[in-house]
Amino acid sequence: VQLQASGGGLVQAGGSLRLSCAASGRTFSSYAMGWFRQAPGKEREFVSAITWSSNNMFYADSVKGRFTISRDNTKNTVYLQMNSLLPEDTAVYYCAAGRLVAATKNKYEYWGQGTLVTVSS
C-alpha cells in the first residue's frame with residue numbers, strides 16, 4: 001500500500017483544514033487507517049484512527065471534539081477534518097495503514113510522506 005497525504009497549509013487559529021490520504025492498492029479497505037503528527041523537536045504522536053469498516057473511530061484527547069476522521073473505501077481515501085485549529089496543532093501530519101487499529105506507531109505498516117499544517121495565532 002502506498003499512501004499520499006495532502007491538504008496541509010497555513011491557516012489562522014480557529015480555522016479549518018481537511019487532510020486527505022489517498023492509497024494505492026486493492027487492499028485499502030482491509031486496513032485500519034491512522035493519522036499521526038510530529039511537531040518540530042517532538043516525537044510523532046497519535047491523532048486519530050479508524051477501523052476498516054468505519055465502525056469505530058479513535059481520537060487523542062487533544063483533538064477530540066475538533067477533528068473528525070472518515071474514510072471512503074470506494075475512493076481509497078481517508079480524511080481528517082480539522083476544525084477550531086490551534087497554534088499547537090502545527091505539525092507535519094502523516095497517514096498510516098495497519099492491519100489493526102491502534103494508537104501506537106509501531107502497529108502501522110505503511111506511512112505516507114506527510115503534509116505540513118501551520119496554524120498562526
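**Reading the model step by step**

Biologist: What is the relative accessible area of Lys64?

Modeller: Lys64 comes out at 48%, so it counts as partly exposed; buried means under 20% relative accessible area, exposed over 50%, and partly exposed in between, with a 1.4 Å probe and protein chains only. The model is predicted, so local features need pLDDT of at least 70 and side-chain atom pairs pLDDT 80 or more, while totals for chains, interfaces and linings use all residues. Residues are numbered from 1 along each chain as its sequence is written, and side-chain values use heavy atoms, leaving out hydrogens and water.

Biologist: Which residue forms a salt bridge with Lys64?

Modeller: A salt bridge puts a side-chain nitrogen of Lys or Arg within 4 Å of a carboxyl oxygen of Asp or Glu. Here Asp61 is the partner, with the closest N and O atoms 3.1 Å apart. Asp61 is exposed, at 68% relative accessibility.

Biologist: How many salt bridges does the structure hold?

Modeller: There are 4. One of them brings the side chains of Asp89 and Arg37 to 2.9 Å, N to O. Asp89 sits in the loop between strand 8 and strand 9 and Arg37 in strand 4 (residues 32–38), so parts 52 residues apart in sequence are tied together; strands are DSSP runs of E, at least two residues long, numbered from the N terminus. Asp89 also meets Arg66, at 2.7 Å, N to O. Arg66 lies in the loop between strand 6 (57–59) and strand 7, 23 residues from Asp89.

Biologist: Are Asp89, Arg37 and Arg66 buried or exposed?

Modeller: Asp89 is buried, at 1%. Arg37 is buried too, at 6%, and so is Arg66, at 14%. Arg37, Glu45, Arg66 and Asp89 are linked in a network of salt bridges.

Biologist: And the sheet: what is the order of its strands?

Modeller: Strands of a sheet pair through backbone hydrogen bonds, parallel or antiparallel. This open sheet of 4 strands runs 1-3-8-7, with antiparallel pairing; two strands pair if DSSP finds at least two bridges between them. Strand 1 (2–6) and strand 7 (67–72) are the edges, each pairing on one side only. Strands 7 and 8 are joined by 6 bridges.

Biologist: Which residue stands opposite Asp72?

Modeller: Thr77, in strand 8. Thr77 is buried, at 9%. Beyond its neighbours within four places in sequence, the contacts of Thr77 (heavy atoms within 4.5 Å) include Ser20, Phe28 and Asp72.
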